[in-house]
Amino acid sequence: MSDHYVKVKVQLEQMKSSGEGVEKEEADMIEDEVLVASPPASVSPIPASCTPAAQREPSKTSVTCRNQSKSRSKLGKDEKNTGTKQDSVPALQGTIVASNANSGKPVNRKDNEQQTLQIKGTGKMLQGKTETNGNAVPIHLPEDNKVDPHNKEDANKVAKRRKPVTVDTFKAKTSLEALKLSIRQLKWKEFPVGRRSACDIYWHGVSFHDNDNIISGQVNKFPGMIEMLRKINLTRAVRTMQELFPEEYNFYPRSWILPEEYQLFSTQISLAKDGDVSQKPTFIIKPDGGSQGDGIYLIRDPGDLRVIAGSHTKQSVVQEYIHKPLLIDKLKFDIRLYVLVKSLEPLEIYIAKEGLSRFCTEPYQEPSQKNLSHVFMHLTNYSLNVQSGNFVHSDSLSSGSKRTFSSVLYRLASKGVDIKKVWSDIISLVIKTIIALVPELKVYYQADIPPGKPGPTCFQVSPGVFEYVPSPVDEEVKVGVIRDTLRLMDPAQKKSLTSYPEHQQEELSGSPVRGAGEEGRVLPSMCLKQVFPKYTKQFSYLRTVERITALFLRFLGVKGNMRLGPTGFRTFIRNCKLSNSHFSMATVDILYIDVTRRWASMLPGSREAGMGLQAFVEAFFYLAQRRFKSLPLREQVVSLLEVCEAQLENQGRGDPGGALPEDSTSSTRRSVSCGRTQPGRTVHPHHVSTSTPGQALSAPQLCSPATPRRASSQDYRLHQRLRPTHKGNVEN
């Protein structure tokens, strides 16, 4: 490029006499010549000495053409070397070098000569003229060469000029192979041993706290997610939702938490057997923190529980076992679909269009005392069945002991199953489960990344890709999920694919990715489909507990704290004006002590004192039952929420009625505002608003056969209320 640069510089010196206009234009030409680094349809000059007119005088132009060809070849090499340092403006750039076709002299003569402009990769040539005073007439590119961000080809041009995304994989343990393959497909830059400067994305293998020194970028784990996906915490979160929406959450099986609910479990099973002698239920026991099938076993009698033997008891969950599951090829199987939670606020959920189906390796028989220990018959975990001699490794996506979910759907469709209904039910189950987890996740998130404190943003794919076996099925599903998760979290992507019309999403998602080079490899269309907020209208009424969580976070006080102290609880009661002559502040203190102590006994490993979110929710339910005695629990809670939010909103406008807590900073108010924009405020047939505390409400207009429950004002112990549901069982 240096030879060409010298030639152009000499031409500029010769053209100074022609005026500043030409000098400025030629200077711009040099700048563009140096900066443009092989765009998809780059513009390069064709000197007049190499045009067909000049070819008629080979004796004068042959040397010039050869020299300039060498210059262009050097420029091409430099362009390739600087391909990652391109300007991000998605416009066609080019340079113009005009010369006298007859004499080979610069264009500062009065001859009216033509300029030639060629667009690489298109075969198009544009021609312009110079004025008689020697000033060049600018060549205007046609309007169709302007970049349209919604145009696939123009989007590719922008992608090729960006710097590659950096990914820190130092803490990625379990999903490392699939992650590395995904990064290579995206042409991004991996840092396998970490990096001193900040990376765009940090991929952790276990939890958010794998690396506590991150203050920017994005981390693939939410604080608290690993805790909330434990069997006991998940069960408690779903139970709360079952109290408010029993019909919507009947997919979760009836469960007991051990060892604290062993007596309750034993009593209920004995009573059930006494009522029906022929009833012989089977139960599955899952360790609280277990994974990959470790520690799971079946029982038919409470006396067979192993966790209560000895001095060291393990916390577990007991659930009713589905004794007549759906079978394919006489084998029990499960469905594993991957879900991406892109953000908590606003809540954004994606679900993979393809998943895995893991098959048992022993033909299924209904549980009996003889086959309860046959794990290859009852448990679908890959880590267990791969040890069986009957495990079938297959290169096919539709056969073997591990298959794609789509192949299972094809088999079901051939038997007359409504596949659209299956997908609709799956999406509903996913959204409802995540809505049950979000309240606690928000508390964990604010504790680790308080408002105003520098920190990363988070996303997470669940369940984690723990086991990656190089096989057609794993590459089809798991690599696609990780790759497309990274694509959605691309920090330089100003507009997510969901901002485009649906008919353009597939095209844009299949475009070449950043850093893919000139030949940009086209990736498959996105395998992740957004389901929330896409279906907000159908599910927003379920977000009632999130509104309670906003109150809890508002009065927490110290940043980073996850427990509400007695002063904060009293401030909540006072500011929301919930105390009166029949419910004094002394009664408030007794309620706080009672609920807090009982939850402390259920969480023996917790060192932090105070009232946690679940305890606060229980106390809130109790307050709602006292204040609105004639209503079902759901309407009681919603009515009390509206009272509290109205009081706090009035105080926020400066109305009398009590000051906000001193530690409720403005940033905290913005992040956990209790105003009218809280989730779950959408009017729903199940929701009936109230304007006057204690006023009787009109009958709700139900769109489903859900029967409203009337809750006792004295019974506010949520952990003892169980819904006898039999419709689902989730294996570890």
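Trainee: Which residues have the most contacts inside the largest nonpolar core?

Mentor: Nonpolar side chains tend to be buried together in soluble globular proteins. In this predicted model, the largest nonpolar core has 95 residues, and Phe-569 and Phe-572 have the most contacts inside it. Helix H12 (residues 419-448) supplies the largest share of this core, 13 residues. Apart from it lies another core, of 30 residues, including Leu-186, Ala-352, Leu-356 and Met-489.

Trainee: What is Phe-569 in contact with, leaving aside its neighbours within four places in sequence?

Mentor: Phe-569 is in contact with Leu-564, Val-588, Leu-591, Tyr-592, Met-611, Phe-616 and Ala-619, once those neighbours are left aside.

Trainee: Now the chain as a whole. How many helices and strands are there in the protein chain?

Mentor: The protein chain has 21 helices and 20 strands. Of its 732 residues, 52% count as buried. Among contacts with a separation of 6 or more, 69% come from residues 24 or more positions apart.

Trainee: In what order do the 4 strands of the open sheet come?

Mentor: Strands of a sheet pair through backbone hydrogen bonds, either parallel or antiparallel. Here the order is E8-E11-E9-E10, and the pairing is antiparallel. Strand E8 (255-258) and strand E10 (297-299) are the edge strands, each pairing on one side only. From one strand to the next, the twist averages 25°.

Trainee: Over how many bridges do E8 and strand E11 pair?

Mentor: E8 and E11 (residues 316-320) pair in the antiparallel sense over 4 bridges. Within this pairing, Trp-256 stands opposite Val-318 in E11. Helix H8 (residues 262-275) packs on the sheet, where it touches E8, E9 and E11, and its direction makes about 140° with that of E8. Helix H7 (residues 231-244) lies across E8, strand E9 (283-287) and E11, running at about 135° to E8.

Trainee: Is strand E14 enclosed or open to solvent, and how is that read?

Mentor: Count its buried residues, those under 20% relative accessible area. For E14 (residues 339-344) the count is 6 of 6, so the strand is largely enclosed by the rest of the structure.

Trainee: Which strands pair with E14?

Mentor: One is strand E15 (residues 347-352), which pairs with E14 in the antiparallel sense over 5 bridges. The two form a hairpin with 2 residues between them, and Leu-344 has Leu-347 in E15 as its bridge partner. Another is strand E19 (residues 460-462), antiparallel to E14 over 3 bridges. There, Val-341 stands opposite Gln-460 in E19.

Trainee: What does the end-to-end span say about helix H13?

Mentor: Compare the span expected from the residue count with the distance between the end C-alpha atoms. At 1.5 Å a residue, the 17 residues of H13 (residues 472-488) should span 24 Å, and the end C-alpha atoms are 24 Å apart, which agrees.

Trainee: Where does H13 bend, and by about how much?

Mentor: H13 bends by about 25° at Gly-480. The helix is mostly covered, with 14 of its 17 residues buried.

How values were computed
Residues numbered from 1 in each chain as written. Predicted model: local features only at pLDDT ≥ 70, side-chain atom pairs only at ≥ 80, totals over all residues. Heavy atoms only, no water. Expected span 1.5 Å × (residues − 1). Bend = angle between axes of the 7 residues up to and from the residue. Buried < 20%, exposed > 50% of the residue type's maximum accessible area, 1.4 Å probe, protein only. Pairing = 2+ DSSP bridges. Core = buried A, V, L, I, M, F, W, Y, C linked by side-chain atoms within 4.5 Å. Contact = heavy atoms within 4.5 Å. Axes fitted to C-alpha atoms, helices over the stretch in contact; angles between N-to-C directions.
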